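Q: Let's take this model label by label. For each term, tell me what it rests on, with the value held up against the cut-off.

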Amino acid sequence: MRVAIAEDSGLIREALGVLLATLGVEVTASVPTGTELLAAVRAEPPDVAIVDMRMPPTRTNEGLLTARGLKQAYPGMGVLVVTAHDDDPFAADLFAGGAEGVGYMRKDNITDRQALKDALIRLRDGQPVIDSHIAARLLAGHPQSQRLRGLSERERRVLELMAQGLSNSGISQQVHLSPKTVESHIASIFGKLGLRMERSENRRVLAVLAWVEAARHG
């Protein structure tokens, strides 16, 4: 796999490059700004780009703007935006143009080799990736949004736990229901959100993104 990096901290860029090398990943570019990344990928497009959300010159939404530019120019490229903040106001906007091959993770989670490897593979394959802790924060306080109004209170709770990364077994323990009943609730959530089974889609992630999108519109 080939990966390009945009991160203004030289120390983090170097550490990430070393980590990727241990995963057998080739780093095609490692630059401090989104502008330099966009120029670098024109010469050698990678499979996935890892982009810091806050880079010069304003250190606000440069990662979001860079991700949008990459997806517009290279729709098949995976883009992973990373952040040091759980409550970044630009998080939900990242998925406004579609979730295919788009990811969002906290920086402390990308130091987990297996989590990073799994995320890169899913993004390369066109699947969405969202950090469960960020998703859970985005979901809070929006249980009555239009998109999700058809979900029961129990289904909303199950969806919230899905966003936190819990397995069916973990959800079962939290809501004190049998795994089979939890599976039925999840199937109902997928049906109400119109998430049909597609080979290239992770319906659990897409269900969470539906709630994130609802949160974005309040």
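Q: Where is P57 found?
A: P57 is in the loop between β3 and α3. Those names come from DSSP runs numbered from the N terminus: helices are H or I over at least four residues, strands are E over at least two. Keep in mind that this is a predicted model, in which local features need pLDDT of at least 70, side-chain atom pairs count only at pLDDT 80 or more, and totals for chains, interfaces and linings use all residues. Residues are numbered from 1 along each chain as its sequence is written, and side-chain values use heavy atoms, with hydrogens and water left out.

Q: Is the peptide bond from P56 to P57 cis or trans, and how do you know?
A: Look at omega: it is near 10°, and the bond is cis.

Q: What is there to say about phi of R59?
A: Phi is near 55° for R59, a positive value in a residue that isn't glycine. R59 also has its place in the loop between β3 and α3.

Q: Which strands stand at the edges of the sheet, and why?
A: Start with the order, β2-β1-β3-β4-β5-β6, an open sheet of six strands with parallel pairing. β2 (26–31) and β6 (129–130) each have a single partner strand, so one side of each lacks a neighbour in the sheet, and they are the edges.

Q: How do you know that strand β5 pairs with β6?
A: Strands pair if DSSP finds at least two bridges between them. Two bridges join β5 (residues 102–106) to β6, with the strands running parallel, so the pairing counts. One example: G103 has V129 in β6 as its bridge partner.

Q: What does α1 touch on the sheet?
A: α1 packs against β1 (2–6), β2 and β3 (48–52), and its direction makes about 170° with that of β1. Axes are lines fitted to C-alpha atoms, for helices over the stretch in contact, and angles run from 0 to 180 degrees between N-to-C directions.

Q: At what angle do α1 and α5 pack, and what is that called?
A: Helix α1 (residues 10–22) and helix α5 (residues 113–124) pack at about 80°, with axes 11 Å apart. That makes α1 roughly perpendicular to α5, a label covering 65 to 115 degrees (under 35 is roughly parallel, over 145 roughly antiparallel, the rest oblique). L16, L19, L20 and T22 of α1 make the contact with R113, L116 and L120 of α5; contact means heavy atoms within 4.5 Å.

Q: Why are α8 and α9 called roughly perpendicular to each other?
A: The axes of helix α8 (residues 168–175) and helix α9 (residues 179–192) cross at roughly 105° and come within 9 Å. They are therefore roughly perpendicular. N168, I171, S172 and V175 in α8 meet P179, V182, E183 and I186 in α9.
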